[in-house]
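Colleague: I'm new to reading models like this one. Could you pick a single part, take a close look at it and then show me what surrounds it?

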Amino acid sequence: MTDLHLTADRATDAEAAAIDAAIVECGLEPVIIDETDRLVRGGLHRANNARHGLLPALHALHNVSGWISHGGINYIAQTLGVPPAESFGVASFYEMFRMEDPGHTDDVVHVCVDGACQIAGADGVIVSLEASGTTVHRSPCLGQCERAPAQFVQGNQGRPDFVAADREPTVIPQQGDPTLRLLKRMGVTDPESLDDYVAYGGYSALAKAFSMGAEAVLDEVDSAGLKGRGGAAFPTAFKWRGVRGADGDKKWIVVNADESEPGTFKDRHLMELDPFSIVEAATIAGFATGAQKGFIYVRGEYPLATKRLQNAIDVARERGFLGDGIAGSSIGFELEIRRGAGAYICGEETALFESLEGFRGEPRQKPPFPTTHGLFKQPTAINNPETLVNVLGILNDGSEAYKQLGTPDSTGTRLFCLSGHVANPGLYEGPHGMTLGEAIEMAGGPTGELRAVLLGGAAGSFVGIDQMDLPLSFEGTRAAGASLGSGVVKLFNTETDFQAVVTRIAEFFRNESCGQCVPCRVGVVRQHELIIRTAGRSMNGERSLLDDMDAAMKDASICGLGHTASTAVRSAIDLGLIGA
Amino acid sequence: MTIAETTTENPDETPIETSVTLTINGSPVTVDQGQTVLDACTSAGIDTPTLCYAENLTPVNACRVCVVEQEGSRTLVPSCSRKAEDGMEIQTDSPRVRHSRKMVLEFLGSGVDMSQAYQVHRWMDEYGADPGRYGPEAARIREDVKVQDDLYIRDYDKCILCYKCVEACGDDAQMTFAISASGRGFDARISTEFDVTLPDSACVYCGNCVGVCPTGAIQFKTEFDMRQADNWKPEEQTVTQTVCSYCGVGCNLELHVQDEKIVKVTSPADHSVTHGHLCIKGRFGWTYVQPTIERR
Amino acid sequence: MQGLQNGASMYAVDPRRTSSAKFADLWLGLELGSDVALANTVANYIVSNDLHNKEFIAHSTTGFDAYVESLSEYTLEHGEALTGVPAAAIAEMATAYATAEKAQILWTLGITEHHNAVDNVLSLCNLALLTGHVGRWGSGLVPLRGQNNVQGGGDMGALPNKLPGFQNITDPEHRGKFEKVYGKEIPAEDGIHLTLMFEAMERGEITAAYVIGENPADSEADIAHARKLLKGLDLLVVQDIFLTRTAELADVVLPASVGWAECDGTVTSSERRVQRVRAAVPPPGLARHDQDILRDLAHLLDYPEWGDPTPEDLWEELRSLSPLHGGMTYDRLEAEGGLQWPCPDLDHPGSPFLHGWLWEPDLGGRAGAPFSPVVAQGPKEQRTEEFPLWMTTGRSLDSYNTGVQSGQMNSPIRYGNALDMNPADAAQLNLVDGETVKVSSPRGSVEMPIRVQPDIPVGLTFTTFHFPELVDINQLTNDAWDKRSGTAEFKAASIRVEKLVTA
Ligand SMILES: Cc1cc2nc3c(=O)[nH]c(=O)nc-3n(C[C@H](O)[C@H](O)[C@H](O)COP(=O)(O)O)c2cc1C
Ligand code: SF4
Ligand code: SF4
Ligand code: SF4
Ligand code: FES
Ligand code: FES
């Protein structure tokens, strides 16, 4: 942190320049400044305050060198005051960072091996890419399930990252449907044009918020009954009130756009195709909670979303919708983007804070909750992008109109991510409470003979074909022992190799556990081993072993990853998909 | 600061004394505000297993062996870090608690060499942990012993990833940050940057990591050598508390003596001067006392 | 460091950018020996900007006006010229110190190992009086001691002018108390300290010496001279746990045992905390406890009244004679993890800090604490064309004093003795890292390797004195000493570094 011990390795000029630029972009300066031969400014406080520059610095280093080089780590240590062992510990936490010199300068092609892509032939894609000499990395769900098998290309030597959507536009199946609320601008407006956004109703909610006042905004969101769309279904107004009422003059908004729940791609759509809506909604959240600044933590594998959001932020600032005195008011708000680097766990809110602050993405024990001890241990409202975008409609049309759709306990509409064995995979909006069967019909119905649906993501559960009448609402799914999670509806027909699919889910948790707490760190490994061990045969006594593990993971793990790591696996066994 | 305002009392140490009363296994227990559920259990005479907790470190609540059941909480809570609150109802021996504690110990035993974690053996018996349940194929940590100098060794085959060494090396004591957790999940390890050897790292050999390690994963070289020679006999050792002979801080030392020879040095965690932490001189600078070495 | 984590600011004042300085918000690399100049400049700035604590000064101090007058020449500009530290940085530190709610000044031998050591200390005390940062929780003056029991040695009367508990030899009442218990008369004049002893040896006034647990043949400044004097004694008795270089010169060597591991007793740390040490292992071979050696000697010198006291008996005697220690029984020391003096009676909790009385509304007739005007002098020796570099000495983390104890441990971080040098100085002399060079001062010369170190300012060099068997560094240091403290100027010598001509 201060008295640093460095190895002899030195950064290249390109590495140093890239790291310097990244740090400046975070609004930071080098921690140690030699003012004269006899006067040096530096020390623990400056290092602590600059620590949040670490992840951007690592990204910059990796992008120019293709790995986290020893010289680069030393340069980061000298610039940000982060001890090399700590930078190493942080960098090695993330899937996107190579810790060893690959010996070449090729881009890395990440190929998704999760559910939708697995059944769409990801293995074959990998074999042919490798045969052609491409550097391939097997990735968990890339959030492009509608394009299975999906790829993400990670640039090297300063080349930019890209995904398929950079080249061919994303198809919005419901495009132009006048009943749409959340998707109404998608595919219709130019996502890079603020004028377009305003022409289609943009920034009217912010104006309304300013004229109503913060308390009235909170009341409106409250009476709309808005609940979080990130998975935990927590009432948004309650969270915001907590932050507004919390002690402290520094408060934060964090947009959790780390979307990594396998099967989920809704937030990517919002960011790529309607980025201004997130910027506007985050600004309203700042106004309502009293926060002056926000971060949007975008999944590292989402280059186009990052680019479009950055453009939206820049344009909004240029046009007076961010910064001091927004839209002629006396209210100020700033937004900054931070990129994740490949870690499902960083979607967990407290792990996200740790990651953003420049530490390993290890969740914190709650309480204390983010509303009082969030980012930098200060009061923080953290929300999913979809949750935030709902606020625009609530303010524009009023909470009464908002509640016209949905059920009393699950108000409003919901984004559903349909993928797998379905005719028209893609993102759909429908009212809460529509049935599973109706949702599948929206997407043209299953391909082949449907056998099971994975609802809510890898942290959700499989439901059988007898559940087509299941209402897709918080309370409806809960009553059936399932969950809506992040809106994943992934279909599997009778041709599916369920042993492979379920083994992959178990492997996903094994790979993604942060490793902090024992029940999860070891439990997910033993679970994966058990699934492999019992392949093709009946579970017999091993089922009770699985139940034993599940009980401890649910009860004693720190975070939601451990709590839900067995749910899908056990539901697959209950449905007879495996282990029979 | 004016004359009238100034007292000779420590203003930070004289808050308005408040206490909280909670119920543990049906009986009321009163502790000071700010104390943990673990403190409350201890004051009620309840033995609670702990692995990642130490009184001289900030709780990381990672091992989860200390969990208890709290009325109204969906999951179990770590007693080592949860602050006691008025009206809490805590169960420390319910089937859920016993099950999770057993599983934690069993999980650890199935992947890590716990042979020198003597405390744990007792708890394993108490909770009926059976690490053998996961079969011979169960993945283990598998790391070679790192012997890189004459002061201490690192045998991560015995590491339960309790983070104590990282905390002691970092902002809970030493502020050196020579080691950190690296990697993720089951592959996470305690490591220097790029796994460079300790002498090449930032390590200043304070041995504070050795002092807090609960499993023998970080071990004095003297102890390691004596164990290799099958000559380590803790039951024959005496422990004498004294004061370090080097600088003026006044660190307290515990000299572990076997066969009239000092075999290792620790420091009492509850001592107000340095809370169990030392520097290289106090921790390792005792060799000149040994009769085996000619005093030049 | 925990304080820093909790938000405290730190300003490091040191000619070198040490490890501790790297934790500081600001490092002020003052010129060697310009400590008083810096302190006075800070004081001048505080007073000129009306940042001093007027109520405290009026109530609890004396001599303020004369002090302010003495500061007049120490303007920021002059301070910058004397110390080499930019004026703005001095002002920043002064403001931070004066306006902090709590502030401490901590120092070690960098302040005291100078020919004007007492001035250095007084200049810092003045700052504390000026701002009221003394005698309160969290504020104060904190000298950090390099040795575990220097404080204890002083407490127990190992000073030429003091009896145990800092009672004056020359005070008949104090002396009388001890004489009554000892049953012997105590010489009524002050003794002399080590540096004067060497001068007395030089004049032939001291012809015999009994050295207990010191290694002056390695540790004194201008070592060749010191060794010559020791060799010239009629009788030299050395009582030590090692056969030190001093012991090698001795006529009689009494092997002693290791205080903290082989004996029972007490030591006192820097914060005046008295703690118990205990025997864990028996002394080897013929080695014996100091106390047993002294007892036998006393009996041989025909003083049977000495008896055969246990360490606790000796301590009880001290308690009865030293009011500072009156309340410290062995039982309490054990139960309370040590106690800080003054602790006059059994109910007294010990004293975490001194001088609290300065804050009492009624000073009880006492005059208050005096300001002591001091003048900046700089080191005795100046750099010259012949000796153009400064050398200062110090310690490294894993070693201790002359290395007789710590040298036994195989430390992986020991780099041995080297002369640290700024890259620019090394380049000018055409030297590379690790190269062995000839280092000379007006008193002698040695050969040693250099270590190129960006953390040391241009013109300054640094080395440790832990490895006398490798490099006899005190051949070079200056034995000019402070008349009031008896400490030699280990911290400043002028030297010349030369490339060795390769054969
Ligand atoms: C393992 C794990 C991963 C998560 N990933 C995400 C995610 O990618 N995006 C998200 O919005 N919430 C995610 N969450 C939920 C967040 O912790 C948090 O509840 C959410 O961001 C709150 O926003 P909301 O109230 O708007 O839903 C995850 C939770 C867990 C336990
Ligand atoms: S439950 Fe798993 S992911 Fe969550 S903190 Fe524990 S180890 Fe990490
Ligand atoms: S010995 Fe000290 S510095 Fe070295 S790794 Fe252990 S705690 Fe860190
Ligand atoms: S080495 Fe020891 S102290 Fe460090 S994490 Fe492992 S078990 Fe804990
Ligand atoms: S992108 Fe492959 S499953 Fe989502
Ligand atoms: S001791 Fe409480 S979680 Fe480890």
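Modeller: Let's start with a surface patch of negative charge, where B:Glu235, B:Glu236, B:Asp259 and B:Glu260 gather. Patch members have over 30% relative accessible area and no salt bridge, with like charges joined within 9 Å and nonpolar side chains (Val, Leu, Ile, Met, Phe, Trp, Tyr) within 5 Å. A salt bridge is a Lys or Arg side-chain nitrogen within 4 Å of an Asp or Glu carboxyl oxygen. Asp and Glu count as negative, placed at CG of Asp or CD of Glu.

This is a predicted model, where local features need pLDDT of at least 70 and side-chain atom pairs pLDDT 80 or more, while totals for chains, interfaces and linings use all residues. Residues are numbered from 1 along each chain, chains are lettered from A and ligands numbered from 1 as written, and side-chain values use heavy atoms, without hydrogens or water.

Helices (H or I, at least four residues) and strands (E, at least two) are DSSP runs. B:Glu235 counts as exposed because its relative accessibility is 64%; exposed means over 50%, buried under 20%, and partly exposed in between (1.4 Å probe, protein chains only).

Now zoom out to chain B, which has seven helices and 13 strands. Its C-alpha atoms fill a box of roughly 70 × 65 × 40 Å along the principal axes, and 61% of its 296 residues count as buried.

Another loop of chain B, between β9 (189-191) and α5 (208-212), holds B:Asp195. Phi of B:Asp195 is near 60°, a positive value in a residue other than glycine. Most residues other than glycine have a negative phi. B:Asp195 is partly exposed, because its relative accessible area is 39%.

A:Phe376 lies in the loop between α17 and β10 (380-383) and, at 26% relative accessibility, counts as partly exposed.

Chain A also has cis peptide bonds to look up. One joins A:Ala148 and A:Pro149, with omega about -5°, and A:Pro149 lies in the loop between β4 (135-139) and β5 (151-154). Another runs from A:Pro367 to A:Pro368, with omega near 0°; A:Pro368 is in the loop between α16 (349-357) and α17 (370-373).

Terms used. Accessible areas come from the Shrake-Rupley method with a 1.4 Å probe; for residues, only the protein chains shown count as cover.
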